[in-house]
Amino acid sequence: MPGKYYDEDKPEISDFEYDMLMVELRNLEKEFPELKNKDSLTEKVGGHVKKGFKEVTHEIPLLSLQDVFSLEEVEDFVIKTNEKAKENNIEDVTYVVETKIDGLSSALEYKNGKFIRGATRGNGQIGEDVTENLKTIKTIPMKIQDNIDITVRGEVFISKDDFEKMNQERENNEEELFANARNAAAGSLRQLDSNVTKERPLDIYIFNVQKIEGKEFNSHYEELEYLNKLGFNVNPVRIYCKTIKEIEKAIQKIGDQREKLTFGIDGAVVKVDNLKFREILGNTAKTPRWAVAYKYPPEQKETKLKDIICQVGRTGVITPMAILEPVKVAGSTISKTTLHNEDFIKEKDLKVGDTVVIQKAGDVIPEIVEVKKEKRTGNEIDFEMPKVCPVCGAKAVREEGEAAIRCTGIECPAKLFRNLVHFASKEAMDIDGLGENIIQQLLDRKLISNIVDIYNLKLEDIASLKKNGKKFAQNLIDAINKSKENDLYKLITAIRNSSCWSKSIKNISKKI
Ligand SMILES: [Zn+2]
C-alpha cells in the first residue's frame, strides 16, 4: 500500500476508508488544481519506502513466515518435513523453536567487521536505509569480533517496561500515545531525524545470518552461537528439539513464560536446524518451506467492570465505555475499553460490578469476551443507556435500524471537543502538544470555539495555561504553523465527518 498514512505506523483506518479518502482527494485535486501538492499521494504508485529514505535492495530477501494457529498444523509441518528428509536421505532432522519477537525486522550489513548499512524489511525485497537510526541502538555493535563480511537479520523492538515508561512520558507531555510496543518501535526506527530515534529506547535481537563470506555452518544453532561470539545480542529464547513432542512442549513453555518475558512476542517460530536441508526445502514465493510461525491465541485476563460511562463522539454517537480494574494484558495496562453500543451490553448481559474476561491480541483493541456470571454476588447493577446526551442534555435518539444512539444537540460541546481532538491528532493535522487536556483548557477559557481559532491562538494565551508555559507555548505555535504545510489529504482526514465541514474548509483553505 502506498502513502504516508501507512508509513506513520499507526493503522487506524480500514483499507476501505483509505480508498474512499483517495477518491475524495482525487476529486478535490481535480476541482482545485492549485491546491495540489507535487508530492501528493495520488502521484505515488505502490512502494513502501518512506519519503526521505534511500531504498535498499536486499540481496537475500527478508521472507515472512507461514503462520499457523494450531498445534495440529505444527504437527503437519513436522511430518511433511520429516518425510521430505527421508526422501533426501537426511537422517535425524532437528528443529529450533524460538520466540517470535514482536518488532520490526531489519537487516544489518558488516564489511570487514564494520557496520556499514542497515535497512528495514520493507516488502522483503526493498527496504529503507535506516543506517543512521540503527547506529543509535546501543546493542548494535559498530565493530564485530571477526573482520568478516556478514549480513544478519534481527528484530528491532522496545521492551515492555520501556514501552510503559515511554507512553507515560508522552501522556505527561500531552503527546499522543502509541497503540503498542511494536508500533512504537517501528515509528521510532523510521524517523527521518536520527536525533529523535536516539531518544527512543530501541533494542534489537539478532536471529539469522542472511549472508556470510568465507565461513560455513552446518546448523542454525551453530550460526546463533557464532553470532553471539561476534558480539551480537542474539534472541535469548531458543529451544533445541528432536521430536514433535519436544516441539509442542517448547511451544507450550514459551507460551507459559510469555508474560514474564521482558519483550513482547507474537508467536513461536519452529525452524529446521540443518542448513543444507533448508536449501533442499527451499522457499515458496513468499515464505520459506523450512519454518512456520505458531501464533498463540489472544491473551485473556479476568478483571472487574467498575463502571460504564458514556462518551460523545464527533458525529454525536454516544458510546458506552467500560471502566475496568486496571489489568495487564498482552504487554499493556488496560483500564478502559469500548462496549460499542446498547446491543452489545444486552447481548453479553453486562452489569456494573461484574467479573469479566478481557482479551487482547497484538494491536487489536481489547475486548470483553465473557461475563463470569458464577462470580456474581447480587450487588451488580443493570445499566441503561441515557435518554439525553450526558454532555449537553439534548435528547439522545436511536434511529430505526441503527445500533448507535446519537445526541441531537446541534451545538453539543462534546461533539466540538471530539472534533478538535481529532483535528489535532496524528492521523489528521498532527499538531504535537495539542492533546485532549490542552484543548479542554482552551475551550474552558473560551480561547477557541472552532477549528479555525486554533490558527489564531496567541503565544501569551497558550503560555497562560501552564506554569512556566512559555517554551510549551512556543513549541505548540511552531507545531500549529507546521501543520499548515500538511498534505491536502491530512486536512481532508482532519475535517472529514466534521459537523462544521463546509464552514471549516473555506476558512481553513484561506488560512493554509
Ligand atoms: Zn450532546
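The chain has a mean pLDDT of 86, with 87% of its residues at 70 or more; pLDDT is the predictor's confidence in each residue, on a scale from 0 to 100. This is a predicted model, so to speak plainly: local features need pLDDT of at least 70, side-chain atom pairs count only at pLDDT 80 or more, and totals for chains, interfaces and linings use all residues. Residues are numbered from 1 along each chain as its sequence is written, and side-chain values use heavy atoms, leaving out hydrogens and water.

| Stretch | pLDDT |
|---|---|
| Helix α1 (residues 4–7), lowest | mean of 40 |
| Strand β7 (residues 150–157), highest | mean of 97 |
| Residues 1–8 | below 50 |
| Residues 499–506 | under 50 |

Residues 1–8 still have 25 contacts in the model beyond near neighbours in sequence, and residues 499–506 have eight contacts beyond four places in sequence. A contact means heavy atoms within 4.5 Å.

Overall, the chain has 18 helices and 18 strands. These are DSSP runs numbered from the N terminus: helices are H or I with at least four residues, strands are E with at least two. Of the 512 residues, 48% are buried, meaning under 20% relative accessible area with a 1.4 Å probe, protein chains only.

Now for the sheet. Its four strands run in the order β5-β4-β7-β8, an open sheet with antiparallel pairing; two strands pair if DSSP finds at least two bridges between them. β5 (114–120) and β8 are the edge strands, each with a single partner, so one side of each has no neighbour in the sheet. On average, neighbouring strands are turned by 25 degrees against each other, direction ignored. β4 (residues 104–111) and β5 pair over six bridges, and S106 has T120 in β5 as its bridge partner.

Helix α8 packs on this sheet, touching β7 and β8, and its direction makes about 120 degrees with that of β8. Axes here are lines fitted to C-alpha atoms, for helices over the stretch in contact, and angles run from 0 to 180 degrees between N-to-C directions.

Which residues of α8 (residues 220–230) are buried? They are H220, E223, L224, Y226, L227 and L230. These residues sit on the same side of α8 because they cover an arc of only 160 degrees around the axis, taken from the directions from the helix axis to the C-beta atoms. The partners they pack against include β3 (95–101), β10 (265–272) and α10 (275–281). Just after α8, G231 takes a positive phi of about 110 degrees.

Key
Buried < 20%, exposed > 50% of the residue type's maximum accessible area, 1.4 Å probe, protein only.
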